[in-house]
Amino acid sequence: MTISESAEKMADGAQEPQELTDGFHLIIDALKLNGIENIYHVPGIPVTDLGRMMQAEGMRVVSFRHESNAGNAAAIAGYLTRKPGVCLTVSAPGFLNGLVSLAHATTNCWPMILISGSSEREIVDLQQGDYEEMDQLAIAKPLCKAAYRILHAEDIGLGVARAIRSAVSGRPGGVYLDVPASLLGQVMDAAEGAKSLIKVVEPAPAQLPGPAAIDRALDVLKGAKKPLIILGKGASYAQADDVVRNFVETSGIPYIAMSMAKGLLPDDHPQYAGAARSLVLKESDCVMLVGARLNWLLSHGKGKQWGEPHSKKFIHIDIDPKEMDSNQPIAAPLVGDIESTLTALLEKMGSDWKKPSDEWTGAIRTKVESNVAKMAPKLQNNNVPMDFHGALGRLKRVFADNPDAILVNEGANTLDFARSIIDMHKPRKRLDVGTWGVMGIGMGTAIAAAVETGNPVVAVEGDSAFGFCGMEVETICRYKLPICVVIFNNSGIYRGTDTDPTGRDPGTTVFVPESKYEMMMEAFGGEGVIARSPDDLERAVREAIENRKPTLVNAIIDPQAGTESGRIGNLNPQSVVSKKK
Ligand code: ADP
Ligand code: TZD
Ligand code: MG
């Protein structure tokens with residue numbers, strides 16, 4: 001029924017005046033009914049009023065300057081909360097800007113819903129040239145886990161419920177929800193509307209491997225002389241922190257943590273073998289993957305790094321059966337959720353589980369200690385200009401004293417060095433570029449981290465990485481968020497030293513030297529600081545965490561300090577021809 005039809009009906013006096021609801025309010029009610037309170041948004045036709053009404057109805061609506069940042073915020077909100085993070089955009093260009101983050105969420109197995117307004121279906125489908133015309137549903141479909149369009153107000157409850165369940169059940173991922181402009185204005189009886197909403201019951205049901213799979217895995221573990229556990233961000237996403245810790249400690253098996261799983265158990269845990277990574281990957285004879293894929297980040301489980309030729313046995317816990325045998329044969333697949341699976345393993349392990357030999361754990365401890373000792377003096381340097389070690393050595397101390405602060409991290413050298421130098425002490429405190437290594441996640445991630453947790457956030461950003469999302473410092477100031485952005489300013493991508501061989505232009509990877517990024521924060525009322533020494537840097541970041549004011553620290557790093565592509569330079573293709581020259 002349209003608004004004028006319902007008004008006519010009321011004027012006729014054929015019925016008592018009806019209480020009405022509309023598409024706008026049904027969407028809001030459906031989201032709120034399912035516990036979704038935060039929206040990451042860029043306004044415009046046809047969703048401007050939807051954003052306003054969401055705010056008026058008590059939702060927290062954070063308006064961004066660019067949809068890619070709003071989308072990255074929603075993606076990480078999903079990771080942090082196990083509820084879909086919601087990004088709300090306009091049609092065609094706004095939708096496309098949000099799409100990279102939807103694909104990023106899907107790739108990382110994080111629940112997210114991208115809600116985009118869309119234009120008149122009849123005109124779009126006949127390609128008659130509507131305002132922001134685009135067949136968004138068709139474009140989104142291959143890039144996310146599921147995509148739906150809602151055409152009728154009475155289907156909004158169902159559409160939102162399907163989106164939520166698709167995003168969080170099984171392997172989580174991104175969902176696209178297409179909301180045509182005409183849907184928002186559709187009206188229906190308020191009581192009928194309320195009845196049409198669905199509160200999703202158990203959106204992410206437990207999944208248990210059968211008893212035979214548990215026995216098989218324990219047999220493989222018992223046969224291992226040099227076992228290793230690898231914790232991935234699926235394990236930190238699962239929020240089964242106590243069970244994970246109990247399993248690791250009961251088994252006595254050394255473990256390493258993938259980037260975002262750092263801190264799931266504190267990085268100073270005696271079983272943590274992070275500083276002996278090369279040794280454990282090479283020498284282990286049995287590897288148990290817990291919410292981590294054997295993708296490029298683990299060299300697909302093969303090659304020199306893994307001590308190939310090897311006959312390692314793999315045990316793999318993952319909620320997605322298709323992940324098994326994707327790169328290496330899995331001797332003991334455990335298809336299930338991490339909490340249920342580890343609980344089932346623990347029950348059968350009992351209290352007299354035989355821990356790995358002192359020979360294995362002792363060799364790892366020795367290696368960890370010698371590597372840590374080797375690194376220590378580098379981390380204490382007070383060089384000016386700063387290098388990565390001197391700067392990060394100080395930030396390591398700051399995080400040790402502020403274990404609840406959230407570290408957001410992107411860049412190449414800035415990412416790789418920070419990952420190995422800064423210890424994390426609590427779960428889900430390290431948020432970074434994820435599986436794709438996307439530059440520009442920083443500001444959206446920092447904003448969502450502050451909004452979802454209320455904790456102070458320190459975003460350690462390569463100067464290039466920051467450039468992809470830097471305008472959101474205005475958003476940080478506008479919402480007065482406790483975020484300290486630290487730019488590792490080496491005046492370029494990897495290094496600030498490239499030149500154009502023809503002498504005409506700047507080299508392709510360099511920026512204006514020593515750009516004054518701190519002025520960007522000052523422009524919007526935040527604190528801007530230049531740090532030239534490790535002392536300056538440490539002081540400024542401690543102060544920002546303490547006073548929770550939006551702050552940008554421009555940390556000047558030696559332009560020569562970095563290496564090409566950080567630690568993954570080996571992935572660059574080589575030109576034989578230009579080498580010859
Ligand atoms: P990392 O990059 O840290 O190695 P990945 O993103 O590669 O981690 O792997 C995460 C894995 O965790 C995915 O394969 C995903 O299916 C899985 N996963 C996500 N949530 C759960 C869960 N609750 N239980 C089990 N596996 C999960
Ligand atoms: N575009 C996107 C969206 N993601 C990317 N990963 C890249 C481009 C390519 N890229 C990297 O992989 S790292 C990087 C780019 C542009 C920037 C590295 O420079 P930085 O860090 O200043 O951020 P360091 O500390 O100077 O190495
Ligand atoms: Mg740089």
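How many of the 13 residues of α8 are buried? In this predicted model, 10 of the 13 are buried (under 20% relative accessible area, with over 50% counted as exposed and values in between as partly exposed, for a 1.4 Å probe and protein chains only), so α8 is largely enclosed by the rest of the structure. Residues are numbered from 1 along each chain as its sequence is written, and chains are lettered from A and ligands numbered from 1 in the order in which they are written. Local features need pLDDT of at least 70 and side-chain atom pairs pLDDT 80 or more, whereas totals for chains, interfaces and linings use all residues; side-chain values use heavy atoms, without hydrogens and water.

Helix α8 spans residues 156–168; helices (H or I, at least four residues) and strands (E, at least two) are DSSP runs numbered from the N terminus. From its first C-alpha to its last, α8 reaches 19 Å, close to the 18 Å expected at 1.5 Å a residue, where the expected span is 1.5 Å times one less than the number of residues. Among its buried residues are Ile 156, Val 160, Ile 164 and Val 168. The cover over the buried residues of α8 includes α2 (23–33), β5 (112–118), β7 (174–180) and α10 (190–196). Just after the helix, Gly 170 adopts a positive phi of about 55°.

Around ligand 1 there are 19 residues, of which Arg 171, Lys 233, Arg 293, Asp 318 and Ile 338 come nearest; a residue belongs to this group if one of its heavy atoms lies within 4 Å of the ligand. Polar side-chain atoms of Arg 171 and of Arg 293 each lie 2.8 Å from an oxygen atom of ligand 1. At Ile 338, a backbone N or O atom is 3.0 Å from a nitrogen atom of ligand 1. The protein covers 97% of the 580 Å² of accessible area that ligand 1 has on its own, as given by the Shrake-Rupley method with a 1.4 Å probe. Helix α12 (residues 233–237) supplies the largest share of the shell, 3 residues.

Asp 432, in strand β15 (residues 430–432), is buried, with a relative accessible area of 4%. Its side chain forms polar contacts (N or O atoms within 3.5 Å, one able to donate a hydrogen and the other to accept it; residues adjacent in sequence count only if both atoms are side-chain atoms) of 2.4 Å with the side chain of Ser 259 and of 3.0 Å with that of Arg 430. Leaving aside neighbours within four places in sequence, Asp 432 is in contact (heavy atoms within 4.5 Å) with residues including Met 260, Asn 409 and Ile 441.
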